[in-house]
Amino acid sequence: MAAGINILVNDGGAPARIMKVGNAGADLDAGTIVELNASGNVIAAAEDLPSLLHAIGVLFVDATSGDPASVVTGRGVICFLKATGTIARGDKLGHDAAGLAKAATTGDERFAIALEAKSATHTDFVKALLI
């Protein structure tokens, strides 16, 4: 779990929206990029291939399966994303099949831009601007 990390960096005002959009479909960590499944449950976003552009936002706080899940949405939001692989400041970010931010490659959905290198502030997280 996200162990005391405040996921949202900006103050939560515009352009950020924090909404309970459904119940968690599994145990999820704050900072995970999420989507809704066919049952309306919040789950980790599937890999960001052009045919799978379903990410709705970033999980705001840890969620237990079956409990309400709060999601941060909005362009221009600065937040911490759970991350994998090597990420440098300025990298365009997509996500893997577990909803973890990764350096985007050709064909990936551009979900965010890294504002610092991965783990610069919190281990295995990257500060990012949602686009």
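Ile-87 lies in the loop between strand E6 (78-82) and strand E7 (92-95), where strands (E, at least two residues) are DSSP runs numbered from the N terminus. Ile-87 counts as buried because its relative accessible area is 4%, and buried means under 20% relative accessible area, with exposed over 50% and partly exposed in between (1.4 Å probe, protein chains only). The structure is a predicted model, in which local features need pLDDT of at least 70 and side-chain atom pairs count only at pLDDT 80 or more, while totals for chains, interfaces and linings use all residues. Residues are numbered from 1 along each chain as its sequence is written, and side-chain values use heavy atoms, with hydrogens and water left out.

**The chain as a whole**

- The chain has ten strands and zero helices, a helix being a DSSP run (H or I) of at least four residues.
- Along the sequence, the pattern is β-β-β-β-β-β-β-β-β-β.
- The chain has 131 residues, of which 40% count as buried.
- Among contacts (heavy atoms within 4.5 Å) with a separation of 6 or more, 58% are between residues 24 or more positions apart.

**Surroundings of Ile-87**

- Not counting residues up to four places away in sequence, Ile-87 touches Leu-93, Ala-101, Lys-102, Ala-103, Ala-114, Ala-117, Lys-118 and Val-126.
- Ile-87 and Ala-114 are 27 residues apart along the chain, and their C-alpha atoms are separated by 7.4 Å.

**The nonpolar cores**

- In soluble globular proteins, nonpolar side chains tend to be buried together.
- A nonpolar core is a set of buried Ala, Val, Leu, Ile, Met, Phe, Trp, Tyr and Cys residues joined through side-chain atoms within 4.5 Å.
- The largest nonpolar core has 24 residues, and those with the most contacts inside it are Ile-7, Leu-81, Leu-93, Val-126 and Leu-130.
- Strand E6 (78-82), strand E9 (112-114) and strand E10 (125-130) are the elements that give two or more residues to this core, and E10 gives the most, with four residues.
- Another core, of eight residues, lies apart from it and includes Ala-24, Leu-59, Ala-63 and Ala-69.

**Strands E6 and E10**

- E6 is mostly covered, as four of its five residues are buried.
- E6 and E10 run antiparallel and are joined by five bridges; two strands pair if DSSP finds at least two bridges between them.
- Leu-81 stands opposite Val-126 in E10.
- Leu-130 touches Val-58, Gly-74, Arg-75, Gly-76, Val-77, Cys-79, Leu-81, Phe-111 and Ala-112, not counting residues up to four places away in sequence.

**The largest pocket**

- A pocket is an open set of points on a 1 Å grid over the protein atoms alone, where a 1.4 Å probe fits, with protein on both sides within 12 Å along at least five of seven lines.
- The largest pocket holds about 150 Å³ of space, a volume being the space filled by probe spheres set on the points.
- Its lining residues (an atom within 4 Å of a point) are Ala-55, Ile-56, Gly-57, Thr-73, Gly-74, Arg-75, Glu-109, Arg-110, Phe-111, Leu-130 and Ile-131.
- By class, five lining residues are nonpolar, three are polar and three are charged; Asp, Glu, Lys and Arg count as charged, Ala, Val, Leu, Ile, Met, Phe, Trp, Tyr, Cys and Pro as nonpolar, and the others, Gly among them, as polar.

**The loop between E9 and E10**

- Ser-119 is in the loop between E9 and E10, and although it is not a glycine, its phi is positive, at about 70°.
- Ser-119 counts as partly exposed because its relative accessibility is 32%.
- Asp-124 lies in the loop between E9 and E10 and has a positive phi near 65°.
- Asp-124 is partly exposed, with a relative accessible area of 40%.
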